[in-house]
Amino acid sequence: MTMTNQATGRPVPVPDESSSPYWAAAARHVLALARCSRCESLTIPPGQTCPHCGSTDPEFAFVPVSGHGVVRSWTIVRQSFLPGFEADLPFMLVDIELAEQPGLRVIGRLLDGPEAPVRVGAPVDVAFEDVAPGVAVPAFELGAARDAEADE
Amino acid sequence: MSGRFAASNKVALVGHAQSPVQRHAERPLGALAVDTARQAIADAGLDLKDVDGIVAASLFPTAGSHAVQDGVSTVTAGWMAEHLGADPRYVAGFQGIGQVSGAMALAVNTVASGAADYVLFYRALHNPRGSYHGNSMQSIEGPQQWTAPAGYFGPLAMIALPYNEYLQRYGATRESMAAVLVEARKNGARIPWSYWHGKPLTSEEYLAAPTLVDPVCRYDCDIPVDGVAAFVLTSAERARDLPHKPVYVSGYAHSAPAPRRLPLHWPLDDIIDGGAETARRLWEHAGVGPDEVDLPQLYDGFSPFIWFWLEVLGFCPTGEAHRFVQDGRIDSDNPGGLPVLSGGGALGNGRMHGIPQMLECYLQLAGRAGERQRPKATVGVACQSSPHYGGAVVYSAEPF
């Protein structure tokens, strides 16, 4: 896990009905995604309907996922339009397809730095940035945990 | 049941007006919009009292911390109805995506249904003071909480991800985009009302610009502006009695609902697969195909959209657009070229959304493009936004 400084000045999420279990899990450094109770497909972000089975009563439950995925695209941000990121510039954002389900895509920072040897298909693992007391934001790191598993 | 538009070529554009496109207009946007609307009505040979319909889209497309104020930062159809001085019996605003193509479809349907006989259509865009997309938020509510806490925010990052996905997948480079910018700015430099009038861009200047959100540099983004364009629509029958040659609306299409994604997340496959469906609907609706189009005006609010539209509309194979745009093949001065940016687009005019594309179709097909008039312009396409999150309209110089 990568820990960053507390009170970074970055804007923090305001959990609501649809997201509070996600942020509660993230605070514990667990990536949890919404699973439809009807078809068991994972979805992010959850909405009023399930995009997979169409249920209007999906009763989404947030379940932990492996956090393993592959890079589908990336960008290096050199100018931020939000406050609180100035000290981090430039930084890399990655578009990740998670291992749990084809097409399950999430976006986060790659914590290996802007010069990281990223490529399409590169394996990544979830990591977390502690941006404020009790608030952690999911991010990613190249391959580390995958290698650790292989060593076990 | 055929997918051909039942009112294909039965509604026509009969007049227009375009304000100067400036970084900051000297007059309030609402006043500029009313003046431009009245000019368009006069251009069509009509009086204010003839106009019985008003249709517009009024999205203010900023991610920044700017208040939306009717008549100042946006001009809704309702605001226009209160200030124009006409007495419309039908007033409607388009709320969907692809604001110009979408609102045009609404305007065409208004005439075709008989809800109004003479419809004013306009788009008014505003550039607020301060950073256009800069936002000072300290906490993030609603949908953006899924992405913005990680620093994924604003449209540059939105387009950067699929742009880089394209570069990686097809072995393209940022150098391949220079031809798009040079063409847009060459044509924009010839347009008197353009912000970029007299200011072409060289390939060297483009490539020397630092990237902001890789691989996007400032020139890949249309510049925010104040500007208004207005058009008048009526039936093809009534159009015969008006002074200018009518330009017929053959059909239109909107994108199908896109896969549910995180806010501003547009994977390349969503764009291309969704865009292919948009194109299929468009050709079916209009009753033409890409081979019959000699004035394709592709959307370019961000430069990669040119590549994406070229591919989904069938002007080149998937993955080939970065090569297709080279060697004069999109040069509007090349008799054998495909003039996809002859009107300068948004990159060559300023952030007027789909207006430069629509205006070029109108001017060329009506034979009113002056020194820029092309020898052959019969069927045009005006695109807006992303192929999977926007729309397009087909225009024709003759009914068919």
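**Figure 1. The span of chain B from residue 276 to residue 383.** The end C-alpha atoms of residues 276-383 of chain B lie 13 Å apart, and the span is 37% helix and 7% strand. In an unreviewed UniProt entry, these residues of chain B carry the annotation "domain: Thiolase C-terminal". The model shown in this and the following views is predicted.

**Figure 2. The nine-stranded sheet of chain B.** In chain B, nine strands form an open sheet with mixed pairing, in the order β3-β2-β4-β8-β1-β9-β12-β11-β10. Its edge strands are β3 (90-94) and β10 (295-297) of chain B, each of which pairs on one side only. From one strand to the next, the twist averages 25°. Within this sheet, strand β1 (residues 11-18) of chain B pairs with strand β9 (residues 247-254) of chain B in the antiparallel sense, over two bridges. B:Leu13 has B:Val247 in β9(B) as its bridge partner.

**Figure 3. Two helices packed on the sheet of chain B.** Helix α1 (residues 29-43) of chain B packs on the sheet and touches β1, β4 (119-125) and β8 (227-235) of chain B. The direction of α1 makes about 35° with that of β8(B). Helix α2 (residues 77-84) of chain B also packs on the sheet, where it touches β2 (53-57), β3 and β4 of chain B. The direction of α2 makes about 140° with that of β2(B).

**Figure 4. The contact between chain A and chain B.** At this interface, 37 residues of chain B are in contact with 35 residues of chain A. On the side of chain B that touches chain A, β5 (139-140), α4 (155-170) and β6 (211-213) of chain B each supply at least two residues. The largest share comes from α4(B), with seven residues. By class, this side of chain B has 18 nonpolar, 14 polar and five charged residues. The two chains are also joined by strand pairing: strand β1 (residues 12-13) of chain A and β5(B) pair in the parallel sense over two bridges. A:Val12 stands opposite B:Ser139 in β5(B).

**Figure 5. The surroundings of B:Met137.** B:Met137 is found in the loop between β4 and β5 of chain B. Leaving aside residues up to four places away in sequence, B:Met137 touches A:Pro11 and A:Leu82. B:Met137 counts as partly exposed because it has 15 C-beta neighbours inside 10 Å. From C-alpha to C-alpha, B:Met137 and B:Pro243 are 52 Å apart in space, and they are 106 residues apart in sequence.

**Figure 6. The two domains of chain A.** The domain assignment divides chain A into domain 1 (14-65) and domain 2 (66-152). Between the C-alpha centres of domain 1 and domain 2 of chain A, the distance is 20 Å. Eight residues from domain 1 of chain A and 14 residues from domain 2 of chain A take part in the contact. The side of domain 1 of chain A that touches domain 2 of chain A has six nonpolar residues, two polar residues and no charged residues.

Figure 7. Three strands of chain A form an open, antiparallel sheet in the order β3-β2-β4. The edge strands β3 (42-43) and β4 (61-64) of chain A each have a single partner strand, so one side of each is left without a neighbour in the sheet. Strand β2 (residues 32-35) of chain A runs antiparallel to β3(A) and is joined to it by two bridges. In β3(A), A:Leu42 is the bridge partner of A:Arg35. Helix α1 (residues 20-27) of chain A lies across β2 and β4 of chain A and runs at about 25° to β4(A).

Figure 8. For residues 63-129 of chain A, UniProt lists "domain: ChsH2 C-terminal OB-fold" in an unreviewed entry. The end C-alpha atoms of this span lie 20 Å apart, and the span is 0% helix and 49% strand. Strand β8 (residues 123-132) of chain A is mostly covered, with eight of its ten residues buried. Strand β5 (residues 68-77) of chain A pairs with β8(A) in the antiparallel sense over three bridges, and A:Val70 has A:Pro123 as its bridge partner in β8(A). Eight bridges connect β8(A) with strand β9 (residues 135-142) of chain A, also in the antiparallel sense. A:Ala132 stands opposite A:Val135 in β9(A). β8(A) and β9(A) form a hairpin with two residues between them, and A:Gly134 in the turn has a positive phi of about 80°.

How values were computed:
Residues numbered from 1 in each chain as written. Chains lettered and ligands numbered in written order. Predicted model: local features only at pLDDT ≥ 70, side-chain atom pairs only at ≥ 80, totals over all residues. Contact = placed C-beta atoms within 7 Å. Helix = DSSP H or I, 4+ residues; strand = E, 2+ residues; numbered from the N terminus. Nonpolar A, V, L, I, M, F, W, Y, C, P; charged D, E, K, R; others polar. Pairing = 2+ DSSP bridges. UniProt positions renumbered as here; feature names shortened; annotations may be inferred. Domains from an automatic or database assignment. Axes fitted to C-alpha atoms, helices over the stretch in contact; angles between N-to-C directions. Buried ≥ 20, exposed ≤ 12 C-beta atoms within 10 Å, placed from the backbone.
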